[in-house]
Amino acid sequence: FEKNPRNDWNYGTAHHPIVDSYLEIGPVTNGEKPITLPRGRLMATVLRSDGTADVLGYGVVRDASPGVAILAQMGAARGLRGRRERVSYTEVTPFREYEESFAIRLQNDSSEDVEVRVVEHLYRAPVFEIVKADTEYTATAPQIIEFRPLVKAGGSRVVNYTVRYRW
């Protein structure tokens, strides 16, 4: 019996508390024709009413196809922290079916409400079922789901879900 991502009870439990900030750009068009943004560094600023600008962050534009939105990673989000904790792991059918539950705890210390994009990679097996979730989610790719909870200013939010894997 060899441990692997399918049956190692401790696999996938590591996390880091930093919440990354991303800027979604595009798709960029020139009239009706889509254009490709060039590769390179990006500086995002916000213009104040008095004409001065605040730097929001720096990112990198990598390869992008024309007409497709890109995500530029801007660094750590100010005032946001996250923690992913597995709360249960059970073997439903020995060597055939496992079920595990997670709690994703989000803390917003900023003065604004923030929508957080929580991406979960369902890594144990390609056949899975979300048996319980307290927050709405969407499947964005094979074995990837995404939650988008709103975290109030100065508050916290917990996203709970349970996934069952079969093989």
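Predicted model: local features only at pLDDT ≥ 70, side-chain atom pairs only at ≥ 80, totals over all residues.
Me: Which word describes Ser156, buried or exposed?
Reply: Residues are numbered from 1 along each chain as its sequence is written, and side-chain values use heavy atoms, with hydrogens and water left out. Ser156 is found in strand 14, a strand being a DSSP run of E of at least two residues, numbered from the N terminus. Its relative accessible area is 52%, and since buried means under 20%, exposed over 50% and partly exposed in between (1.4 Å probe, protein chains only), Ser156 is exposed.

Me: What distance separates the C-alpha atoms of Ser156 and Arg81?
Reply: Ser156 belongs to strand 14, and Arg81 is 75 residues away from Ser156 along the chain.

Me: Which strands are the edge strands of the open sheet of five strands?
Reply: The order in this sheet is 1-6-7-14-10, with antiparallel pairing, where two strands pair if DSSP finds at least two bridges between them. From one strand to the next the twist averages 35°, an angle between N-to-C directions that runs from 0 to 180 degrees, with axes fitted as lines to C-alpha atoms. Two strands pair on one side only, and these edge strands are strand 1 and strand 10 (127-133).

Me: Which residue of strand 14 stands opposite Ile130?
Reply: Strand 10 and strand 14 (residues 156-166) pair in the antiparallel sense over six bridges. Within strand 14, the residue that faces Ile130 is Val163.

Me: Why is one side of strand 9 and of strand 11 left without a neighbour in their sheet?
Reply: These strands belong to an open sheet of three strands with the order 9-12-11 and antiparallel pairing. Strand 9 (118-121) and strand 11 (137-141) stand at the edges, so one side of each lacks a neighbour because each has a single partner strand.

Me: How many bridges join strand 9 to strand 12?
Reply: The two strands run antiparallel, with strand 12 covering residues 144-147. Glu120 stands opposite Ile145 in strand 12. The number of bridges that join strand 9 to strand 12 is four.

Me: What phi does Gln143 have?
Reply: Strand 11 and strand 12 pair in the antiparallel sense over four bridges, with Ala141 opposite Ile144 in strand 12, and they form a hairpin with two residues between them. Gln143 is found in the loop between these strands and is partly exposed, with a relative accessible area of 25%. Most residues other than glycine have a negative phi. Gln143 is not a glycine, yet its phi is positive, at about 65°.

Me: How much space lies in the largest cavity?
Reply: On a 1 Å grid over the protein atoms alone, a cavity is a set of points where a 1.4 Å probe fits but cannot get out, and lining residues have an atom within 4 Å of a point. A search of the whole structure finds one cavity of 30 Å³ or more. Its lining residues include Ile25, Pro27, Leu37 and Ile70, and the lining divides into nine nonpolar, three polar and no charged residues. The space in the largest cavity is about 50 Å³.

Me: What is the relative accessible area of Leu37?
Reply: Leu37 is among the residues that line the largest cavity, and it lies in the loop between strand 3 (33-34) and strand 4 (40-47). Leu37 and Val61 are 24 residues apart in sequence and 7.7 Å apart in space, C-alpha to C-alpha. Leu37 is partly exposed, with a relative accessible area of 27%.

Me: Which strand gives the largest share of the lining of the largest pocket?
Reply: The largest pocket holds about 1,500 Å³ of space, and of the 37 residues that line it, the closest to its centre are Val19, Asp20, Ser21, Tyr22 and Ala77. A pocket is an open set of points with protein on both sides within 12 Å along at least five of seven lines. At least two lining residues each come from strand 1 (18-25), strand 6 (70-93), strand 7 (97-108), strand 8 (114-115) and strand 9. The largest share, ten residues, comes from strand 6.

Me: In which strand of the protein chain is confidence lowest?
Reply: The protein chain has a mean pLDDT of 86, and 95% of its residues reach 70 or more. Confidence is highest in strand 13 (residues 150-151), at 97, whereas the lowest mean, 76, is found in strand 2 (residues 29-30).

Definitions and conventions. pLDDT = per-residue confidence, 0-100. Points joined across faces, edges and corners; volume = space filled by probe spheres on them. Nonpolar A, V, L, I, M, F, W, Y, C, P; charged D, E, K, R; others polar.
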